[in-house]
Amino acid sequence: MKIERVETAYYRLPLEPMGDAGHGAIDTEELITLTLDAGGLTGHGYSYTIGRGGRAVRSLIDDDIVPMIVGQDATDIRGLWELMWQRLLYVGRGGLASFAIAAVDVALWDLYGLSEGRPLYALLGAEAREIPAYGSGVDLPKSLDGLLTQTEGFLARGFPGVKVKIGRPDPGEDERRIEAVRGLVGDDIDLMVDANMAWDAEEALERGRRLEHFGLYWYEEPTIPEDVAGHARISREMDVPVAIGESLHSPHEFRRYVDEKAARILQIDPITNGGITASLEALKMADSAGLSTSSHYTDELSAHLLCASKDPVYLEKHAFALDPYLEEPQLVTDGRVRPTETPGTGLRFDKEALAPYRAS
Ligand SMILES: [Mg+2]
């Protein structure tokens with residue numbers, strides 16, 4: 001089944017202004033959609049950014065990846081992943097290259113599902129299962145009232161967990177915000193915090209310790225992803241599990257965290273990690289090391305992928321919901337999600353809904 005044609009489109013989707021301690025203000029999501037034709041079928045993939053770099057991702061696909069994969073066998077997903085990784089190695093080894101590889105890899109898995117007539121989770125060798133979901137805001141700039149209103153919305157949707165951004169300049173403010181959210185949700189709801197790499201390891205320890213007594217479910221990205229030793233130290237010295245993954249752009253990066261016992265929960269994102277192929281490897285590493293798993297954004301793909309994990313504790317229902325742009329938005333029932341049963345990924349963008357946001 002030879003790859004005949006690959007086409008991309010680029011969109012700028014407006015977001016309600018939001019932000020976190022690491023990435024600053026965010027008001028746009030870039031979306032790169034991709035279709036890949038082979039054997040009379042069309043696989044659909046995509047990539048995204050939080051507002052910058054998307055045109056470069058699209059250019060990497062159009063200018064560099066498409067010429068290397070047209071004419072290749074679409075069923076050799078692993079081989080094509082290695083080809084893209086190797087040919088982009090000099091400028092890649094992660095970063096933007098992983099976002100570009102991901103768009104193609106997602107389309108290849110989708111195409112494989114269409115050709116087999118099976119949903120993605122089944123292709124991964126998994127059984128469909130319900131995954132608990134948590135409500136996740138990108139809420140650092142929100143007032144305390146705004147944060148509590150958002151949290152009430154999460155509770156109304158039945159989520160068994162909620163996550164709050166931390167990293168306000170005044171540590172006392174983080175404490176007051178977490179105390180207020182804990183007071184609102186009570187002790188039966190899991191409460192995660194996310195620092196988005198705001199601090200060095202020393203400060204991350206100090207800031208984390210001030211919040212630990214609120215009963216945190218995990219402490220996400222306490223410091224920069226390059227500081228694996230720092231994460232390992234925080235994991236050793238704190239009882240709260242460290243969670244990472246959205247900023248890891250290859251299986252090699254996950255491998256270091258697992259080998260150095262630097263995290264207890266691996267969070268997959270099949271776009272930022274470099275594709276379904278890459279995230280699946282991360283899940284297998286978690287299984288081998290006895291770690292739990294969760295997801296970052298990518299709600300629809302992750303509902304499939306987490307079925308292939310031994311201990312998928314949560315799927316993130318992210319603030320950048322793609323729902324308005326999808327033909328079939330993901331259903332959340334009693335705060336839980338299931339993978340779709342249609343062949344492939346089940347993820348299809350609504351072209352009419354996206355049309356006003358198309359850009360070049
Ligand atoms: Mg995060």
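Q: Which residue is the bridge partner of Leu266 in E10?
A: That's Thr293. Before we go on: this is a predicted model, so local features need pLDDT of at least 70 and side-chain atom pairs count only at pLDDT 80 or more, while totals for chains, interfaces and linings use all residues. Residues are numbered from 1 along each chain as its sequence is written, and side-chain values use heavy atoms, with hydrogens and water left out.

Q: What makes E9 and E10 a pair of strands?
A: Names first: strands (E, at least two residues) and helices (H or I, at least four) are DSSP runs, numbered from the N terminus. Two strands pair if DSSP finds at least two bridges between them. Strand E9 (residues 265-268) and E10 have 4 bridges, in the parallel sense, so they pass that test.

Q: How does the chain get from E9 to E10?
A: It goes through helix H10 (residues 276-289), and this β-α-β crossover is right-handed. That word means that, with the strands pointing away from the viewer, the path from the first strand over the helix to the second runs clockwise.

Q: What joins E10 to strand E11?
A: There are 2 bridges between E10 and E11 (residues 312-317), and the two strands run parallel. Thr293 stands opposite Pro312 in E11. From E10 the chain crosses through helix H11 (residues 299-305) to E11, in a β-α-β crossover that is right-handed.

Q: How do you know that both faces of strand E10 are covered?
A: Look at the side chains on each face. In a regular strand they alternate between the two faces of the sheet. In E10 (residues 292-295), Ser292 and Ser294 sit on one side, Thr293 and Ser295 on the other, and all of them are buried. Buried means under 20% relative accessible area, exposed means over 50%, and partly exposed is in between (1.4 Å probe, protein chains only).

Q: Why does Thr298 count as buried?
A: Its relative accessibility is 1%, so it falls under the buried limit. Thr298 lies in the loop between E10 and H11, and it has a positive phi of about 40° although it is not a glycine. Most residues other than glycine have a negative phi. Met197, in the loop between E6 and helix H7 (201-211), also has a positive phi, near 65°.

Q: Which residues coordinate the magnesium ion?
A: Asp194 (OD), Glu220 (OE) and Glu246 (OE) do, at 2.0 to 2.2 Å. Donors are N, O and S atoms within 2.8 Å of the metal (3.2 Å for Na, K and Ca), so these atoms qualify; water is not among the atoms, so sites may look incomplete. Along the chain the donors follow the spacing D-x25-E-x25-E. The pair Asp194, in strand E6 (residues 190-194), and Glu220, in strand E7 (residues 219-220), links distant parts of the chain, 26 residues apart.

Q: Why do Asp194 and Glu220 count as buried?
A: Asp194 has 0% relative accessibility and Glu220 has 1%, so each counts as buried.

Q: What makes E3 and E13 edge strands?
A: An open sheet is formed by 4 strands in the order E3-E2-E1-E13, with antiparallel pairing. E3 and strand E13 (358-359) each have a single partner strand, so one side of each is left without a neighbour in the sheet. E1 and E13 pair over 2 bridges, and Tyr10 has Ala359 as its bridge partner in E13.

Q: Which residues of helix H2 are buried?
A: In H2 (residues 77-87) they are Ile77, Leu80, Trp81, Leu83, Met84 and Trp85. What covers them includes strand E1 (3-20), helix H1 (54-69), H3, H9 and H10.

Notes: Contact = heavy atoms within 4.5 Å.
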